[in-house]
Structure formats: structure tokens, C-alpha cells
Amino acid sequence: MSDKISFYEMAKSRRSVRTFDGKGLEQSVLDNLHEYAKTIENPFSIPVEFLFLNAKEHKLSSPVIVGEEYYISAKVKMQENAEAAYGYSFENLLMKAHEMGLGTVWIGGTMPREKFENASNLQDGEVMPCVSPIGVTASKMGVKEVLMRKGVKADTRLDFEKLFFDGSFDKPLNKQSAMERGLVNSLEAVRIAPSAVNKQPWRVVIKGNTAHFYEKKDKGFDAGDYDLQKIDVGIALYNFEQQMLCEGRKPVFEQKDPGISHAQDIEYIASYRW
Ligand SMILES: Cc1cc2nc3c(=O)[nH]c(=O)nc-3n(C[C@H](O)[C@H](O)[C@H](O)COP(=O)(O)O)c2cc1C
């Protein structure tokens, strides 16, 4: 047995960080992360561009963040699957930052959007749905951060049986059955993932040797130009795949709607077969 920490354990030890130590980061740390960012790909083959922005230089701040010196912003050309690709790629980068011991938080709403878009030199046809501050986590959470976490019940997640299904949406998958199929940690890595307003819009139907990922839509997340909850599903896809790889499985990405009947507010996104 390797003593390498599994992806799931690493993901479990992450939380959103909104209070930083105010000391910034060594340039070499930022450079390392930036170099890593340039290598990131996603199974949709849609490029996501990351920018590392000095907060002071660009006059950037967020009402929920304290003590940050840098932000990472990410842009993508709007097209089919852009949001899921974006979620997958940005989650890769933020998990790398977490592995390096750094704090981050997805910010898709609580920011002066125009300022961030200008600093990111957003072009026609591109969107910049989210940014994240990057830095060293402060030793104590700020009051605002504690309140914010309470507001979205950030320390809780929906039950396994509410998110995962066995063959069809009318048959919840229980943990025991997931365990017997060797899927429990890959699905847990999805369950504990971050999502906008902690809505956890991912739903997964396991059918044979395939996990089909769906988005369960809530009102107010799709402003017309992009759908924030599809980003959440991209995050879920990344976490599922990484834990599978960690366990020596060989997940193969595919987009082929299996035709499983579902409610109107549910949309098929993609699948992993193994
Ligand atoms: C796509 C996306 C957008 C988010 N937007 C914001 C935001 O605008 N402001 C904020 O404070 N947190 C934001 N979050 C963070 C979530 O509130 C957080 O992930 C969730 O409450 C779970 O908490 P945890 O990350 O500590 O586990 C966002 C998360 C995601 C995935």
C-alpha cells in the first residue's frame, strides 16, 4: 500500500478560505502555480486561460475576502460545454493550490465583476464566471467568514442517497451498494466538492460500469450567458475521475446521453465509464 494521501482525503481536507494572513506569496510560489496552470487540460478539449492578478495593482477586492494579495481569474470562450470544462479545469488548479498548502475560494457572485473582467482583459465571446483569491490561510476565520459559512450551511452536504442513483432516478444508491462496487470514495469525492451557494446540483446515475452525471437546476444560476451550476458539475466530474485514478481504475470520459428518464429540471452532462 502506498502511503500517498488519496485524492478523496485531500479533497476532504479542503474548505473555502475567505480570510488570509495578509502577507502575500513568494513570487516563486505564484510562478510554480502559474506554470502548472498552463498544463491543465479537460476532457471537453476546451482551453481555459488562467490569469494571476496582483490585487493592489488592479485594485481588486471582494466583499467576502480579507487579507488577500493575489487573485486567480479564469476565462473561457463561450461554447457548448464551456462551463463544465471550466469547472473541471479550475478545480484542478484549486486542488493543486490546496496540495501546496494554499487557501482559495471559488467566487462567482460576490465580486465587482466589471473590475475583474477588465483586469482579465475579457474579449468578445469570452466569459469569466469565477475568480479565486490565492494566499496563506489566516490562523483564525474572520467574523464575516464564519457568518457566511453558516448562511450557506457550508459544513454540511446532502445525503448520499439524495445525490446518487442505481440505474434510474427512482432508485437511490445506498452507500453499502456503492461500497460493494468500489465506488464509495469516488462518489464521496463528488459529495464533498464545493458548489455555488453549496447547492450541490450534481446527480449521478450508476448504470453497469458507467457513472452518468447530471445537473439538477435551481433557479437563479443561469443568467443567460452561462450557467454557474454546470461549473459545479465540471467540478464533480474532476473529483470523481481523480479519485478513480487514485484507486488505479481507468475512467473513460464520454458524452452520450443514456436516455434514462428524468425530471424537467435535470440535464445530462457527461459520463465516466470504467
Ligand atoms: C461555482 C462556485 C461559485 C461560488 N461563488 C461564491 C461566491 O461568489 N462567494 C463566496 O463567498 N463563495 C462562493 N462559492 C463557495 C461556496 O459557497 C462553497 O464552496 C460552499 O459553501 C461549500 O463550502 P466549502 O467550499 O468550504 O466546502 C462558490 C463556489 C462555487 C463552486
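This is a predicted model: local features need pLDDT of at least 70, side-chain atom pairs count only at pLDDT 80 or more; totals for chains, interfaces and linings use all residues.

User: Which residues in α4 meet α10?

Analyst: On the α4 side they are Glu 83, Ala 84, Ala 85, Tyr 86, Gly 87, Tyr 88, Glu 91 and Asn 92. Their partners in α10 include Ile 231, Val 233, Ile 235, Leu 237 and Tyr 238.

User: And what does Leu 237 touch?

Analyst: Leaving out residues up to four places away in sequence, Leu 237 touches Ala 84, Tyr 88, Phe 213 and Ala 270. Leu 237 is also among the residues with the most contacts inside the largest nonpolar core, along with Ala 85, Val 204, Phe 213 and Ala 236.

User: How many residues does that core have, and which helix gives the largest share?

Analyst: The largest nonpolar core has 68 residues. Helix α4, residues 82-99, supplies the largest share of this core, with 10 residues. Domain 1 and domain 2 each contribute at least three residues to this core.

User: Where are the domain bounds?

Analyst: Domain 1 covers 17-147 and domain 2 covers 160-273. Their centres, taken over C-alpha atoms, are separated by 24 Å. At the contact between them, 16 residues of domain 1 meet 18 residues of domain 2. The largest share of the domain 1 side, nine residues, comes from α4.

User: Back to α10. How does α9 pack against α10?

Analyst: The angle between α9 and α10 is about 150°, with the axes 8 Å apart. That makes α9 roughly antiparallel to α10. The crossing of α9 and α10 is right-handed. From α9, Asn 185, Ser 186, Ala 189 and Val 190 meet α10 residues including Ala 236, Phe 240 and Met 244.

User: Is α9 mostly covered or mostly open, and what covers the buried residues?

Analyst: Helix α9 is mostly covered: eight of its eight residues are buried.

User: Switching topic. Where is Thr 104, and is it buried or exposed?

Analyst: Thr 104 is in strand β3, residues 103-104. Thr 104 is buried because 28 other C-beta atoms lie within 10 Å, and 20 or more is the cut-off for that label.

User: What does Thr 104 touch?

Analyst: Beyond residues up to four places away in sequence, Thr 104 touches Val 17, Leu 94, Ala 97, His 98, Ser 132, Pro 133 and Ile 134. As for Val 152, which is 48 residues apart from Thr 104 along the chain, the two C-alpha atoms are separated by 17 Å.

User: What about Lys 153?

Analyst: Lys 153, also not a glycine, has a positive phi of about 50°. Lys 153 lies in the loop between α6 and α7. With 10 other C-beta atoms within 10 Å, Lys 153 is exposed.

Conventions: Residues are numbered from 1 along each chain as its sequence is written. A nonpolar core is a set of buried Ala, Val, Leu, Ile, Met, Phe, Trp, Tyr and Cys residues joined through C-beta atoms within 7 Å. A residue is buried if 20 or more other C-beta atoms lie within 10 Å of its own, exposed if 12 or fewer, and partly exposed in between; C-beta atoms are placed from the backbone. Helices (H or I, at least four residues) and strands (E, at least two) are DSSP runs, numbered from the N terminus. Domain bounds come from an automatic or database domain assignment. Two residues are in contact if their C-beta atoms, placed from the backbone, lie within 7 Å. Axes are lines fitted to C-alpha atoms, for helices over the stretch in contact, and angles run from 0 to 180 degrees between N-to-C directions. Angles under 35 degrees count as roughly parallel, over 145 as roughly antiparallel, 65 to 115 as roughly perpendicular and the rest as oblique. A crossing is left-handed if the near helix is turned anticlockwise from the far one by less than a right angle, and right-handed if clockwise.
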